[in-house]
Amino acid sequence: MPEERDEENLKKETGRSQCGGCCTRISNLAVTVGSTHAIENVNLHFHCGEFTVITGPNGAGKSTLLKAIAGEIPYTGEILFRRFDTNEKMKPKIGYVPQNMPFDPGAPLTVEDLFALCLSSRPRWLFRSRSVRKTALESLGTVEASHLLSRKLGCLSGGELQRVFLSLALNPRPDILLLDEPVSGVDAAGLNLFYAMISELRAKYDLSIVMISHDFHLSARYADRIVFLNKTVLCSGTPAEALKNESVNSFFGAADSRTPGGYGGISHHCKSGNPPPAASRTRRINEAGENTRGKDHN
Amino acid sequence: MSGVWAHLCESFPFEWAQYSFMQNALLAAILLAPLFALPGCLVVNNRMAFFSDAIGHAALTGVAIGALAGIAQPLPSMLIFAMCLAFVISYLRRVSAVPTDTIISIVMAGSMALGIVILSRKGGFSRYSRYLIGDLLSLSAADLYIIGFTLLFVIAVWLLLFNKFYLISFNETIARSRNINVWGYDLFFSVMVAFIVTLAVQWIGILVINSLLVLPAAAARNMASKLRIYVISAVLISLMSCVGGLVLSFYLATAAGATIALVALGFYIFSFVPSCRITGDKKPGV
């Protein structure tokens, strides 16, 4: 079984003997909207402690895939989580930060209130809870946002909200963290901070992080695996492998030539001959089976 | 119980407190205030003001159905009709792509027209016009018990489920990710609001009932940024409006429901201080 070998390698490479074996397997996932197939025949495999970036053109079904995993929309196929120790199969616990989280900015609600609503059933209109406050502070601390605890949600900036929702999604600890374009509209300093944060979360909590991003250039530096999606999985592998992939290259190459500096990344890497830094520390398999299936669909 | 209350009221050094109809009405006002303010907070957050208004208006149809069935006391038929209507609106809102306010408008227009057609047969509508402005002073001791038990129920629900309701009103995606049955809670809340509004319509009046639900919460929202302060101050504003409006209506010899609404409006205007507004001398679009 190539998969078992993989897990052994993973343990050797990362030194994380306690885990690396938990995984979420998505088999034959499809979402149909009306009569059109938004996504079909998606087969993916997320390991804990692994940072996967999903990329692809607009309308490729990236958000749809995330929504299906999060249980927001109906789907066909199977999503199963397997714990490494008990080998028990179950539904994964999901932390989901959607692309936009519309809410009423006028509603009286502080960040602490929001944590209380999510984490406790003690009626918040009567009681304060010290334990919720503590949890909220700790959780916000991991995303460097503890100073936001008593701010009103409607008064936060986009970046601040993003961090609050991220820390909320981490509570209680999920098996998979799904992030739908969390960095769109974040400035350069914010971007670096964000990716540093993600890397830290991954190392600390050993979770599978799945993120949608259009910024191939930057995300490839941090990701363990790149999934190129267009209705189905066209490529899934390490950033280095994704670089060599035909469909990935043709998409990002084309986008690159149309808009100079647009999607960026790939062709620059190719020309300069610099492999992305992540290549040295990535450790994932290219799921060849998915690759060929993807080409069939094309 | 009622004896203690009457005794307490008579010890007040006010003229109005000596009448038994005012004593009943005062107790009712004190009970109705939180009964409306607590759900009102969520009605405002969920943008359900139009929904509750429609339910209030539909009370007329409930009265009409009661009259058709030959029931002397139309309250049961009003409550059942309103709850059915709330169910229908919530259901249509979830399953259809038609904008919510259009759905409510259609349902309200239809039910009101039906009610007026039935009630105006043989020119008898004026008999029912008391429902339009309500009569808080006609309240009986039995009515007080109904209000009291409804309030206990609402407080119990608020103690057990408030966090879930408020999380749903904040964002349904987050609520769903916390395994909350959004649709079920939404339905339950709509039906509960319909029950409360319809119950009180005969005392407050169809035309102003919604102000009791919306104004205290809207005023509190202007002042609060914390959830607890929001809910508690909505209850306090509602209490002051209800008691103040009732007493004022005694001296002005006006309809209690509408006077309460005016006092609540006063609180709203007072709360509308430009504390959180962005200021500057260049106005957009000017």
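**Figure 1. Packing of helix 4 of chain B in the predicted model.** The buried residues of helix 4 (residues 75-95) of chain B pack against helix 3 (49-69), helix 5 (100-119) and helix 9 (182-204) of chain B. Helices (H or I, at least four residues) and strands (E, at least two) are DSSP runs, numbered from the N terminus. A residue is termed buried if 20 or more other C-beta atoms lie within 10 Å of its own, exposed if 12 or fewer, and partly exposed in between, with C-beta atoms placed from the backbone. This is a predicted model, in which local features need pLDDT of at least 70 and side-chain atom pairs count only at pLDDT 80 or more, whereas totals for chains, interfaces and linings use all residues. Residues are numbered from 1 along each chain as its sequence is written, and chains are lettered from A and ligands numbered from 1 in the order in which they are written.

Figure 2. With 21 residues, helix 4 of chain B reaches 30 Å from its first C-alpha to its last, close to the 30 Å expected at 1.5 Å a residue; the expected span is 1.5 Å times one less than the number of residues. Met78(B), Phe81(B), Ala82(B), Leu85(B), Ala86(B), Ile89(B) and Ser90(B) are its buried residues. Seen down the axis of helix 4 of chain B, these residues fall within an arc of 165°, so they line one face of the helix; the arc is that of the directions from the helix axis to the C-beta atoms. The face turned away from the buried side carries the exposed residues Pro76(B), Arg94(B) and Val95(B).

Figure 3. In strand 9 (residues 225-230) of chain A, six of six residues are buried. Arg225(A), Val227(A) and Leu229(A) point one way, and Ile226(A), Phe228(A) and Asn230(A) the other. In a regular strand the side chains alternate between the two faces of the sheet. Strand 3 (residues 51-55) of chain A runs parallel to strand 9 of chain A and is joined to it by four bridges, with Val53(A) opposite Ile226(A). Strands count as paired if DSSP finds at least two bridges between them.

Figure 4. Five bridges join strand 9 of chain A to the antiparallel strand 10 (residues 232-237) of chain A. Across this pair, Phe228(A) stands opposite Cys235(A) and Val227(A) opposite Ser236(A). The hairpin has one residue between the strands, and Lys231(A) takes a positive phi near 70°. Strand 10 of chain A is mostly covered, with six of its six residues buried.

**Figure 5. The contact between chains A and B.** The contact takes 23 residues from chain B and 24 residues from chain A; two residues are in contact if their C-beta atoms, placed from the backbone, lie within 7 Å. On the side of chain B, helix 7 (141-170), helix 8 (172-177) and helix 11 (227-252) each give two or more residues. Helix 7 of chain B gives the most, with seven residues.
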